[in-house]
Amino acid sequence: MRQRPYNFSAGPAAMPEAVLQQAAAEMLDWHGSGMSVMEMSHRGKEFVSICEQAEADLRELLAVPPTFKILFMQGGGLAENAIVPMNLAARKPARLMDFIVTGAWSQKSAQEARKYGDATVAASGADTGFTTIPAPATWPLRDGLSYVHLCSNETIHGVEFHELPDLQALGCDAPLVIDFSSHVLSRPVDWSRVGLAFGGAQKNIGPAGVTLVVVREDLLGHALPVCPSAFDYRTVAEHASMYNTPPTYGIYMAGLTFQWLKAQREGALSGVAAMEARNLAKARLLYDCIDGSQLYVNRVDPACRSRMNIPFQLREERLNDAFLAQARAHGLLQLKGHKSVGGMRASLYNAMPLEGVQALVEFMRDFERHHA
Ligand SMILES: *Cc1c(COP(=O)(O)O)cnc(C)c1O
């Protein structure tokens, strides 16, 4: 079979080829059951085993402590922008929520939360065009907060927290909520600093539709009366993500990705540690190419450059269309940047092999030579 092109989409994004092949092989008959996973009752023993295995594998991969629940929900990242405040705002009667805005996604989160309480932007990178993250020590966090929200990897602006803030050390006892949609499983998570993490599956886990929520148990049980039962974290947790029909096929695909991740090795490292080493090497390769060129530029402060989503501009914008067309001809797909930022964006999620980034860098150097 001819090699598939390298797909740099920001999401829905490329999946590991081995996962797609396994899903194809099991499409008509899962493990001798005579059924496709799509055709199974979500309460039957076959699907319950798939779901339990997926949850256990995820817990192992991300070292999720037993004091956290793992929920498979629906609605994507944007729905969580409402579901989080519906569940957590009323932890305190004043419903105060502080947001750290480091790009388009955290901005959206702050806007949506205003429907459910006093959502305030405590700190923002807007004045530098979202090329920096304001230092946590300068965040004017309020007293009595229900929670603090940040987006740990901004998919559009290419800004990533390389260390999560320690709110307690900043004198804030509120839980930290992180939107980790676009770098989940690309690196370990320090759960001692997190109260709740959420993410849509379509960047680094599987097909769109599954929404992952990892929530500390003591944060359950504060939902506003207006919160739909199917979105009440406590209800979902009490029913092991089966209060209503979960996105069964998406959970199965996520489970296959988790098994693939567990089998990955980089030297002595495995699982998420191996992915982190590989992702660092991939990102370094592309940033070095951009920084060493006269044609390409990335303006994000190196201290907070994303390993997953790397936006870059061509200094001569008139070359954009030619760049994209020739990249496509070289088997390098979906490099067009987000419309709000322009230029290009390469997303280097877990499923992107080092060889894909090498091919991209080789093409970029070649393109620059021909257009110097
Ligand atoms: C893609 C993305 C979302 C949006 O997810 P939807 O599934 O489209 O609602 C939210 N947050 C981040 C950081 C994302 O990358």
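## The largest pocket

Helix α1 gives the most to the lining of the largest pocket, with 3 residues. In this predicted model, a pocket is an open set of points on a 1 Å grid over the protein atoms alone, with protein on both sides within 12 Å along at least five of seven lines, and lining residues have an atom within 4 Å of a point. Helices (H or I, at least four residues) and strands (E, at least two) are DSSP runs, numbered from the N terminus.

The largest pocket holds about 350 Å³ of space, where a volume is the space filled by probe spheres set on the points, and grid points are joined across faces, edges and corners. Its lining has 18 residues, and R4, P5, M15, E17 and A351 lie nearest the centre. Two or more lining residues come from each of β1 (6–7) and α1 (17–25). By class, the lining of this pocket has 12 nonpolar, 3 polar and 3 charged residues. Here Ala, Val, Leu, Ile, Met, Phe, Trp, Tyr, Cys and Pro count as nonpolar, Asp, Glu, Lys and Arg as charged, and the others, Gly among them, as polar.

## Enclosed spaces

How do we look for empty space? Rolling a probe the size of a water molecule over the atoms shows where it is left. A cavity is a set of points where a 1.4 Å probe fits but cannot get out. The whole structure has 2 cavities of 30 Å³ or more.

About 90 Å³ of space lies in the largest cavity. Of its 16 lining residues, A14, P16, K203, N204 and I205 lie nearest its centre, and the lining divides into 10 nonpolar, 5 polar and 1 charged. Why does the largest cavity lie between domain 1 (20–261) and domain 2 (266–370)? Both domains give residues to its lining, so it lies between them; the domain bounds come from an automatic or database domain assignment. The second largest cavity has about 30 Å³ of space and is lined by L58, F72, I205, V210, L212, A254 and F258. That lining has 7 nonpolar, no polar and no charged residues.

## Residues listed in UniProt

An unreviewed UniProt entry lists W105, T155, D179, Q202, N244 and T245 for "binding site"; such annotations may be inferred rather than shown by experiment. They span 141 residues in sequence and the farthest two C-alpha atoms are 30.1 Å apart, so they do not all gather at one spot. Of these residues, Q202 is included in the lining of the largest cavity.

T155 is found in the loop between β6 (153–154) and β7 (159–160). Is T155 buried or exposed? With 5% relative accessibility, T155 counts as buried (under 20% relative accessible area; exposed is over 50%, partly exposed in between, with a 1.4 Å probe and protein chains only). Beyond its neighbours within four places in sequence, T155 is in contact (heavy atoms within 4.5 Å) with residues including A10, W105 and Y349. N244, in the loop between α5 (233–238) and α6 (248–263), is partly exposed at 36%.

## A buried helix residue

L88 sits in helix α3 and is buried, with a relative accessible area of 0%. Leaving out residues up to four places away in sequence, L88 touches S146, Y147, V177, L196 and L219.

## Reading the numbers

Residues are numbered from 1 along each chain as its sequence is written. In this predicted model, local features need pLDDT of at least 70 and side-chain atom pairs count only at pLDDT 80 or more, while totals for chains, interfaces and linings use all residues; side-chain values use heavy atoms, leaving out hydrogens and water.
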